[in-house]
Amino acid sequence: MRPIPNLAVEFVAAHEGKRLKAYLDSAQIPTIGYGHTYAVKMGDEITIEKAKVFLKEDLRTAASRLTLRIGA
């Protein structure tokens, strides 16, 4: 799979809400950054840079799942 372009990360970041302190989302799941949920605990805090790292990882995970589903 190709790497996620920084332009894609910046595009999503510009259109998503961002929180640098963990919060409970509408499903009561601890969430941080641009919707990152993996291994987040209430009380966690991150930087903007870390939020973008998480976003890039989350986009990579989503893209790989789509690739598996469509067989590309």
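Is R60 buried, partly exposed or exposed?

**Before you click**

You are looking at a predicted model, in which local features need pLDDT of at least 70, side-chain atom pairs count only at pLDDT 80 or more, and totals for chains, interfaces and linings use all residues. Residues are numbered from 1 along each chain as its sequence is written, and side-chain values use heavy atoms, with hydrogens and water left out.

**The whole chain**

Start with a cartoon view. The protein has two helices and two strands, running α-β-β-α from the N terminus. Helices here are DSSP runs of H or I with at least four residues, strands are runs of E with at least two, and both are numbered from the N terminus. The C-alpha trace spans about 40 × 25 × 20 Å along its principal axes. Of the 72 residues, 19% count as buried; buried means under 20% relative accessible area, exposed means over 50%, and partly exposed is in between, using a 1.4 Å probe and protein chains only. Contacts are heavy atoms within 4.5 Å. Among contacts with a separation of 6 or more, 36% are between residues 24 or more positions apart.

**Select residues 19-24 and 30-33**

These are strands β1 and β2, which pair in the antiparallel sense over three bridges. Two strands count as paired if DSSP finds at least two bridges between them. Show R19 and you'll find G33 of β2 standing opposite.

Move to the loop between β1 and β2, where Q28 is found. The hairpin has five residues between its strands, and the phi of Q28 is near 65 degrees, a positive value in a residue other than glycine. Most residues other than glycine have a negative phi. Q28 counts as exposed, at 54% relative accessibility.

Next go to A39, in the loop between β2 and α2. A39 also has a positive phi, near 60 degrees, and counts as exposed at 58% relative accessibility.

**Select the core**

Pick I4, V9, A13, A22, I32, Y34, V40, I46, A51, F54 and L55, which make up the largest nonpolar core, 11 residues in all. Helices α1 (6-15) and α2 each supply at least two residues of this core, and α2 gives the most, with three. A nonpolar core is a set of buried Ala, Val, Leu, Ile, Met, Phe, Trp, Tyr and Cys residues joined through side-chain atoms within 4.5 Å.

Zoom in on A51. Leaving aside neighbours within four places in sequence, A51 is in contact with L20, G33, Y34 and I46.

**Select the charged pairs**

How many salt bridges are there? The count comes to two, where a salt bridge is a side-chain nitrogen of Lys or Arg within 4 Å of a carboxyl oxygen of Asp or Glu.

Take K52 and E10, whose side chains meet at 3.1 Å, N to O. K52 lies in helix α2 and E10 in helix α1, so this pair ties together parts that are 42 residues apart in sequence. K52 is partly exposed at 25% relative accessibility, and E10 is partly exposed at 39%.

The other stop is K41 with D44, where the closest N and O atoms are 3.8 Å apart. K41 is exposed, with a relative accessible area of 54%, while D44 is partly exposed at 22%.

**Last stop: R60**

Finally, select R60, in helix α2 (residues 48-70). Here's the answer to the opening question: R60 is partly exposed, with a relative accessible area of 37%. Then draw a C-alpha to C-alpha distance from R60 to P3: the two are 57 residues apart in sequence and 7.5 Å apart in space.
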